[in-house]
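Dear colleague,

Please find below the structure that I am handing over to you. A summary of the findings follows it.

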Amino acid sequence: MQLKDEPDGDEPELITPEDFLPPSPFPVDAQRMGIDRYTGGEAGFLAVVSALDGSKLTHRLFAYFLLVTVVGCFCWTLFGQLNH
């Protein structure tokens, strides 16, 4: 005989809205900072960069291209501010 306070074991499993979402493409560090797919443009950039695989040549070349682009934009802006 079971008491009424005890579950009977035939209860349905509850689901949450997160069960229907795809897994997060962001690294654990970014998730701890609160970055998710709804954060904005920075989150998309971070998702692309975190998906790169260092063992593939094309991914390494793309990472170098991104590095040159970001540093080049920074230097261009800094140079423009210093000469203004």
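A residue is called buried under 20% relative accessible area, exposed over 50%, and partly exposed in between. With a relative accessible area of 42%, Cys75 is therefore partly exposed. Please note that the model is a predicted one.

Cys73 is likewise partly exposed, at a relative accessible area of 49%. For Cys75, the closest cysteine sulfur is in turn that of Cys73. The count of disulfides by this rule is 0.

The surface also carries a nonpolar patch, formed by Phe45, Val48, Val49, Phe62, Phe65 and Val70, whose accessible area together is about 520 Å². At least two residues of this patch come from each of helix H2 (41-50) and helix H3 (57-82). Val48, one of the patch residues, is located in helix H2. Its relative accessible area is 42%, so Val48 is classed as partly exposed.

Leu66 belongs to helix H3. Because its relative accessible area is 15%, Leu66 counts as buried. Apart from neighbours within four places in sequence, Leu66 is in contact with Phe45 and Val49. Between Leu66 and Val49 there is a separation of 17 residues in sequence, and their C-alpha atoms are 8.9 Å apart in space.

Kind regards

Notes. Residues numbered from 1 in each chain as written. Predicted model: local features only at pLDDT ≥ 70, side-chain atom pairs only at ≥ 80, totals over all residues. Heavy atoms only, no water. Patch = residues over 30% accessible without salt bridge, like charges linked within 9 Å, V, L, I, M, F, W, Y side chains within 5 Å. Areas by Shrake-Rupley, 256 points an atom, 1.4 Å probe, with all protein chains shown as cover. Salt bridge = Lys/Arg side-chain N within 4 Å of Asp/Glu carboxyl O. Helix = DSSP H or I, 4+ residues; strand = E, 2+ residues; numbered from the N terminus. Buried < 20%, exposed > 50% of the residue type's maximum accessible area, 1.4 Å probe, protein only. Disulfide = S-S within 2.5 Å. Contact = heavy atoms within 4.5 Å.
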